[in-house]
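Please read the following briefing beside the sequence and the model.

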Amino acid sequence: MEDIEDKGFIYKEISRISNINPRFHRVSSMLLDHFIMCLLTIPLGIIVSVIVFKFELTHTKSIGMILFSIPMFIYMNKDFLKAKSPAKRIMGYQIIDIKTSKPASEFQCFIRNLTIIGWPLEVIVGLINPQRRLGDFLANTKVITSDKEKLKSTWNDLKNIKVKVNFIGILIFGGLFFYGLSKLL
């Protein structure tokens, strides 16, 4: 318990809560992910909106939708690096492929996060089944416990990323997905 106190108040509280109930621990990971990603993407979205409206671009709506897609794409692909989002790193989770038991691919992580638009339903499913939410059933993945990592490990993984054909395909598919979603809304 002494080493937990040395890591700070937030870490101590997360560790205390995690011992209460595993289902609550998994859902708190989802909520922490949502909070962290909102902290990252909302300011980016505001900056994009200011740029679009400040310069009154001729194709404001089209450019605005494209630029709005960037923070949403980041939010939906928070699990790309070693199949661990920021909150999964902090709380000790990882997404794996059910068939191989290896870390999920970028494509599987993307597919699993397509259901984020139904976020409240995902939380309910997470309470019922802490290992798999709706997106996991689509992507053939599940969440397992793994070693806890510091948040800055994300930066180290980001520096070592290599662009693959898979990633380019996800960019194209993600762009089409957001374009279709924007037409529906």
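Lys82 lies in the loop between helix 4 (60-76) and helix 5 (86-91), where helices (H or I, at least four residues) and strands (E, at least two) are DSSP runs numbered from the N terminus. This is a predicted model, in which local features need pLDDT of at least 70 and side-chain atom pairs count only at pLDDT 80 or more, while totals for chains, interfaces and linings use all residues. Residues are numbered from 1 along each chain as its sequence is written, and side-chain values use heavy atoms, with hydrogens and water left out.

**Loop residues with positive phi**

- Lys82 is not a glycine, yet it has a positive phi of about 55°; its relative accessible area of 52% makes it exposed, on a scale where buried means under 20%, exposed over 50% and partly exposed in between (1.4 Å probe, protein chains only).
- Asn140, in the loop between helix 8 (134-139) and strand 2 (141-145), also is not a glycine and has a positive phi of about 60°, but with a relative accessible area of 26% Asn140 is partly exposed.

- Within helix 7 (residues 119-128), the buried residues include Trp119, Glu122, Val123, Val125 and Gly126.
- Seen down the axis of helix 7, its buried residues fall within an arc of 165°, so they line one face of the helix; the arc is that of the directions from the helix axis to the C-beta atoms.
- Pro120 and Ile128 are exposed on the other side of helix 7.

**Leu40 in helix 3**

- Leu40 belongs to helix 3 (residues 22-55) and, at 52% relative accessibility, counts as exposed.
- Although 35 residues separate Leu40 from Tyr75 in sequence, the two are 8.4 Å apart in space, C-alpha to C-alpha.

**The cavity**

- A search of the whole structure finds 1 cavity of 30 Å³ or more, a cavity being a set of points, on a 1 Å grid over the protein atoms alone, where a 1.4 Å probe fits but cannot get out.
- The largest cavity has a volume of about 100 Å³, taken as the space filled by probe spheres set on the points, with grid points joined across faces, edges and corners.
- Its lining residues, which have an atom within 4 Å of a point, include Arg26, Met30, Asp33, His34, Tyr75, Trp119 and Glu122.
- Helix 3 and helix 7 are the elements that give two or more residues to this lining, and helix 3 contributes the largest share, 4 residues.
- The lining divides into 4 nonpolar, 1 polar and 7 charged residues, with Ala, Val, Leu, Ile, Met, Phe, Trp, Tyr, Cys and Pro counted as nonpolar, Asp, Glu, Lys and Arg as charged, and the others, Gly among them, as polar.

Definitions and conventions
On a 1 Å grid over the protein atoms alone, a cavity is a set of points where a 1.4 Å probe fits but cannot get out, and a pocket is an open set with protein on both sides within 12 Å along at least five of seven lines; lining residues have an atom within 4 Å of a point.
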